[in-house]
Amino acid sequence: MCDDCDMAKRVLIVDDHEPFRTMARSLLEGAGYVISGEAADAAEALAAVVADAPDAVLLDVQLPDRDGFSVATALMAMGGPAVVLISSREAEDYGRRIGACGARGFIPKSRLSAAAFAALVE
Amino acid sequence: MTSSTVVASSHTRTALRDPVLVLPFVVAAGLGIGWLGSDAKVSGTRVAVDLALAWALVGASLLALGRARWRRSRFLLIASAFALLAADLRWARADSLWTLGFLLELLWLALLVHFVLTFPDGRARSNPARVVIAGTYAAALGGLVVGALVDPRPRDVLGVAASERLTGAVDRTEGILGIAIAVAVVLLVARRLPLLQGAARRAQAPLLAAAALTVPTTLLWLVSVTVTGEGSPTLETIARGVGLLVPLGLVAGVTWSRMGRSEASELVVELQTEGAASLGERLARALGDPTLELAYRLDDGRYVDATGQPVELPQHPSRAVTPLTARGEEVAALVHDPALLDEPAVVESVRATVGLVLENERLAAEVRSQLAEVRASRARIVAATDAERRRIERNLHDGAQQRLVTLSIALGLEASRAHGAKPDVLSRAQDEVEEAIAELRELARGIHPTLLREEGLEAAVEALARRTPLPVIVEGSIGDRLPDAVELAAYFLVSEALTNVVKHASASEATVRLAREAGTLRVIVTDDGVGGARLAADSGLAGLRDRLEALDAQLLVESKPRHGTSINAEIPCGS
């Protein structure tokens, strides 16, 4: 059935700032993504990935319990979803850590758009 | 009646304390024992050896142990001499005196063991020593009380349970205990000897060595006691004769320690000679105590060494503290081996001599101490500033920046949904917000660079170079991460230098060189611009001076007109 191949991608949003999660949800839903859940810290994020098996994770670098790089590395090791890192800092502020953690890519929050996200996960 | 008793007893104590008053008593006691010996037809050699040993012990104690700190040791030595003579009461005709002599036969040896193990201040230094001393008294007195109860000889007035067999067993037990004690004494002495140094070694080592030398003959005699029960009288005489080594060792030690110190006049010369050695070192040499330390007293009551580092005065009895005063006020304290106190004249001459030199050195130490404090406080201020900068950067990032980012996305969303209805206003608003975010990010980065914390100096300097609107070459490498304060100082230095290049140098390119050599981070920023830069008081580089000086860093600016500028910093980085 062709419905299966066209099935919308399911995305988990991980950020400790609730208003930002709401914005990101509107942005991605507007582009046809399905939001499988939201998480405010690394522990919630890892649990949500196990429970909901999303196709992609929009992951903030600075979380209250651990940093997003180690979460991305952990998800990689689980053979989990595609990870897109976001931060209100620039990629340059993190140097080589972005490339080394196994994420698909990095988007500064101020330039987050459905197109930028799609370019990394599709 | 009561009061006169008190007076009499205190009188006796004074007599015992005042060593010279003991002399007539010990001579009289000796002569009395000598008479008893000849009356009982005891061998002349034995009588002579006992008298010689008793008198030598008292004589040596008077000669060598004149200091207050040695009072206990002196008492033990004199008591041992009297106990030795008392043991010879067995030569008396009266049975009661014979029994008393029998009971006291070994007390002098126990007192002598006590003396040797606690010399020179009469205090045991370790628990094993305390156990051996207590065990020696118990064996010497307790053993003989039991011996007296079972001894079958008719002269023994205490022999209520006379038994040949028990007497033999008691004698052999005493012999074995004696052997164990002799071995323990040798072990304790052997353990202590190598630990002695300086004045203590000179004063104590000869006595300890002499004491150890008396052990083999004493052991032989004890073995004969164990085998025969009674013991060989010849061996006993020989052992007591060899015991003369103990007073000899004592006198030798005191003589040696007097020779080891400079005379007072030499001390004056030694201390007033200007030299490379510090006053403390010169005092240590002059007094022959390598462990001697000089602590200067500050006005607030703390003590510092010559370099200004704080010093705690020891409270332990193994170290003595002698205050040195000038014009009635304590200006310093000597921390030294207690053995030095045994020659108060020497310490007095130090007090008299060091006055002026000491005052100068104390002032120098005080200045160094204040300097060290100022430096420590400057380092703390810089560290506190860095922590505060980091906190502000994080607050900007987590607070205002986060909200602006959310706002920017919201505006973007609205603009895309508006479908023609005033999208201009929305997208202009979004542009403004993006500008604000970018400015805020630059501000935060200037306050505390995140990349420096995350990735270290090389990566942060490379990022600085990329952001500089002019070609900047970054050379060299520094390997491992450096302390935060060093990385921050180097980073701000490069940042400030590159800002100056862009603003003032009219350069076509700049080079940043980072190198780590022998505990130093070297940072060199050069450009090919117009030169003529200098470290003006209000320049940004001058503003980094506190930060650099807190790290003991050197900063050199070379800038000749038309020859570019070179800024060269050396920052100590520990490794």
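Q: Which residue of S10(B) is the bridge partner of B:Val557?

A: B:Val557 pairs with B:Ile567 in S10(B). Strands (E, at least two residues) and helices (H or I, at least four) are DSSP runs numbered from the N terminus. The model is predicted: local features need pLDDT of at least 70, side-chain atom pairs count only at pLDDT 80 or more, and totals for chains, interfaces and linings use all residues. Residues are numbered from 1 along each chain as its sequence is written, and chains are lettered from A and ligands numbered from 1 in the order in which they are written.

Q: Which strands are joined to S10(B) by bridges, and how do they run?

A: Two strands pair if DSSP finds at least two bridges between them. Strand S9 (residues 554-559) of chain B is joined to S10(B) by six bridges, antiparallel. Strand S8 (residues 520-527) of chain B also runs antiparallel to S10(B), with eight bridges; there B:Thr526 has B:Ser566 as its partner.

Q: Which side chains of strand S10 of chain B are buried?

A: A residue is buried if 20 or more other C-beta atoms, placed from the backbone, lie within 10 Å of its own; 12 or fewer make it exposed, and in between it is partly exposed. In S10 (residues 565-572), B:Thr565, B:Ile567, B:Ala569 and B:Ile571 point to one face and are buried.

Q: Where do the buried residues of H10(B) lie, seen down the axis?

A: In helix H10 (residues 233-242) of chain B the buried residues are B:Glu236, B:Ala239 and B:Arg240. They fall within an arc of 95° (taken from the directions from the helix axis to the C-beta atoms), so they line one face of the helix.
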